[in-house]
Amino acid sequence: MKLYTYFRSSAAYRVRIALNLKGVTYESAPINLLTGEQREESYKAVNPQMRVPSLNIGATTLIQSPAILEYLDEVYPEPPLLPVGAVTRAKVRAIASLIACDIHPLNNSGTLAYLKNRLGHDKAAADEWYAHWVREGFDAIEALLGPGPYAFGARITLADIYLVPQVANARRFHIPLDAYPKIVAVDAACAAHKAFQDAAPAKQPDAT
């Protein structure tokens, strides 16, 4: 497998965590989003959306982290990324969706670049935009998390895989997390796990 990734991409970070958890060997192919490498024709042929992650599995290439994570859980079922029980599964999916659908799209690099370059907002305004949507999402997530040590108990789930990269982004943008002790505790529990450690942005070959 070849994972097209960028060290700071939270979507790629999710996939790296899942690959590590499941013990799947992959080649890392960094795509520099800051220099516009994702818009080059060679990468557009890999992913017409010109985003990361993309996962080449041999016969084809998969895009969009939610789809890739579902594929990995179906093809490599151990350890499972969803808990037992329809209700708990729905709660885990809700956390994942809250991050993937509500927080991340409003705060990804393309959105922030549009705010600054096309709409004329300065960095302070863009940073406040970022912080606002993180706080909106984290307020809800803090209330929704189950008993620890992970997001929903003793086993890592999709909720953890989505939450940890979002916490990393919040810290990178200097957003205080004092109001979110449950989120901080989940992040700390995950940080002790090798799969999360090896997936961290600072550990990637393209980290700068």
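This is a predicted model: local features need pLDDT of at least 70, side-chain atom pairs count only at pLDDT 80 or more; totals for chains, interfaces and linings use all residues.
Residues are numbered from 1 along each chain as its sequence is written, and side-chain values use heavy atoms, with hydrogens and water left out.

Q: Why is L3 called buried?
A: Buried means under 20% relative accessible area, with exposed over 50% and partly exposed in between (1.4 Å probe, protein chains only). L3 has a relative accessible area of 0%, so L3 is buried.

Q: Which residues does L3 touch, leaving out those up to four places away in sequence?
A: Contact means heavy atoms within 4.5 Å. On that basis L3 touches V15, R16, L19, Y26, E27, S28, A29, P53, S54 and L55. L3 itself lies in strand 1 (residues 2–5); helices (H or I, at least four residues) and strands (E, at least two) are DSSP runs, numbered from the N terminus.

Q: Why does D73 count as buried?
A: The relative accessibility of D73 is 17%, and the limit for buried is under 20%. D73 therefore counts as buried. Its place is in helix 3, and D73 touches K22, P79, P80, L81 and L82, not counting residues up to four places away in sequence.

Q: What makes a set of residues a nonpolar core?
A: The members are buried Ala, Val, Leu, Ile, Met, Phe, Trp, Tyr and Cys residues joined through side-chain atoms within 4.5 Å. The largest such core here has 51 residues, of which L21, F138, I141, L158, I161, L163 and I183 touch the most other members. Its largest share, eight residues, comes from helix 7. A second, separate core of eight residues includes Y6, A29, L33 and V52.

Q: Which residues does L163 touch, not counting residues up to four places away in sequence?
A: L163 touches I99, F138, I141, L145, I183 and V186.

Q: How is the packing of helix 3 and helix 7 described?
A: Two packed helices are described by the angle between their axes and the distance between the axes. Axes are lines fitted to C-alpha atoms, for helices over the stretch in contact, and angles run from 0 to 180 degrees between N-to-C directions. Helix 3 and helix 7 pack at an angle of about 145 degrees, with their axes 12 Å apart. The contact is made by S65, P66 and L69 of helix 3 and L158, I161 and Y162 of helix 7.
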